[in-house]
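Here is a friendly walk through a helical model, meant to be read with the structure open beside you. Where do the buried residues sit, and what do they touch?

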Amino acid sequence: MKIGEAQQAYRGQVQAYQSQRSVLAKQLEEVKKRMKYSPETKEKDEQEAATLELNLEALDEKKDEYQEYLKQLSDRYFAYWNAEVAKQQKDASQENAQEMAKIMEVARRLMKGAIVPGSDEKKLMEFSMDLYQVAKNIGAMIQRQKREKYDSLWGEKKEKDYADPQETAENAEAGPGAPEIVDVSETMASVSQPEPAAECSI
């Protein structure tokens, strides 16, 4: 199961358990009120209250298990997210270093009096007009019979396709350790009913 799918499934479970817990807590409150004001149904009400309390404990236990797993999923999600962002930042840093090396090479070629493509000159001008003018002036001073001619250093730029960090994180495998998804009704059905209190005869 992918992290994004697992997060969605377990969030749904937590919500279902919270909703059912709300219903049972309200029922328990009503039973306790009845016990207070209706002594004639006290024994039956006590048994119902005990059953409701056991169900609430079972629901809380399972909900806590799901919430703990959601926390683990969240940690994994952000680990994948951060790894993807770091990869993109590293690529951007390398591209900037390569760009700077090309700009300095264009300036060096101009200083030698070489002919470089207009697009390369434009890149140097955009980077630094002062450096461009110095390179052109030095190049003009060098009287060379034969000047070298270069092709553009940039050529056609290939765009890199980066993965969306959110998509990368959501589609990564959730990994082992996922608790079994159990329906609320099954958890409640697994709770054993308390034994009725034995009647004592005098």
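The buried residues of helix 1 pack against helix 2, helix 5 (165-171) and helix 6. Buried means under 20% relative accessible area, with exposed over 50% and partly exposed in between (1.4 Å probe, protein chains only). Helices here are DSSP runs (H or I, at least four residues), numbered from the N terminus.

This is a predicted model, in which local features need pLDDT of at least 70 and side-chain atom pairs count only at pLDDT 80 or more, while totals for chains, interfaces and linings use all residues. Residues are numbered from 1 along each chain as its sequence is written, and side-chain values use heavy atoms, leaving out hydrogens and water.

**The two helices by length**

The expected span below is 1.5 Å times one less than the number of residues in the helix.

| Helix | Residues in helix | First to last C-alpha | Expected span |
|---|---|---|---|
| Helix 1 | 35 residues | 51 Å | 51 Å |
| Helix 2 | 70 residues | 102 Å | 104 Å |

In helix 1, the reach is close to the expected value, and the reach of helix 2 is likewise close to its own. Among the buried residues of helix 1 are Ile3, Tyr10, Val14, Tyr17, Leu24 and Val31. Just after helix 2, Gly113 takes a positive phi of about 85°.

**The largest core**

A nonpolar core is a set of buried Ala, Val, Leu, Ile, Met, Phe, Trp, Tyr and Cys residues joined through side-chain atoms within 4.5 Å. The largest one has 22 residues, and Tyr10, Tyr17, Tyr66, Leu73 and Ala174 touch the most other members. Helix 1 (3-37) and helix 2 (42-111) each supply at least two of its residues; helix 2 gives the most, with nine. Apart from this core lies another, of 12 residues, including Ala114, Leu131, Tyr132 and Ala135.

Contact means heavy atoms within 4.5 Å. Beyond its neighbours within four places in sequence, Tyr10 is in contact with Tyr66, Tyr69, Leu70, Ala178, Pro179 and Ile181. The side chain of Tyr10 also reaches the backbone oxygen of Pro179 at 2.4 Å. Tyr10 and Leu73 are 63 residues apart in sequence, yet their C-alpha atoms are 9.9 Å apart in space.

Tyr17, with neighbours within four places again left aside, is in contact with residues including Leu59, Tyr66, Val182 and Thr187. Thr187 belongs to helix 6 (residues 184-189) and counts as buried because its relative accessibility is 7%. Not counting residues up to four places away in sequence, Thr187 touches Tyr17, Ala58, Leu59, Lys62 and Val182.

**A buried aspartate**

Is Asp45 buried or exposed? Asp45 counts as buried because its relative accessibility is 1%. This residue of helix 2 has a side chain joined to that of Thr41 by a polar contact of 2.8 Å. A polar contact is a pair of N or O atoms within 3.5 Å; within protein, one must be able to donate a hydrogen and the other to accept it, and residues adjacent in sequence count only if both atoms are side-chain atoms. Leaving aside neighbours within four places in sequence, Asp45 is in contact with Val31, Arg34, Met35 and Ser38.
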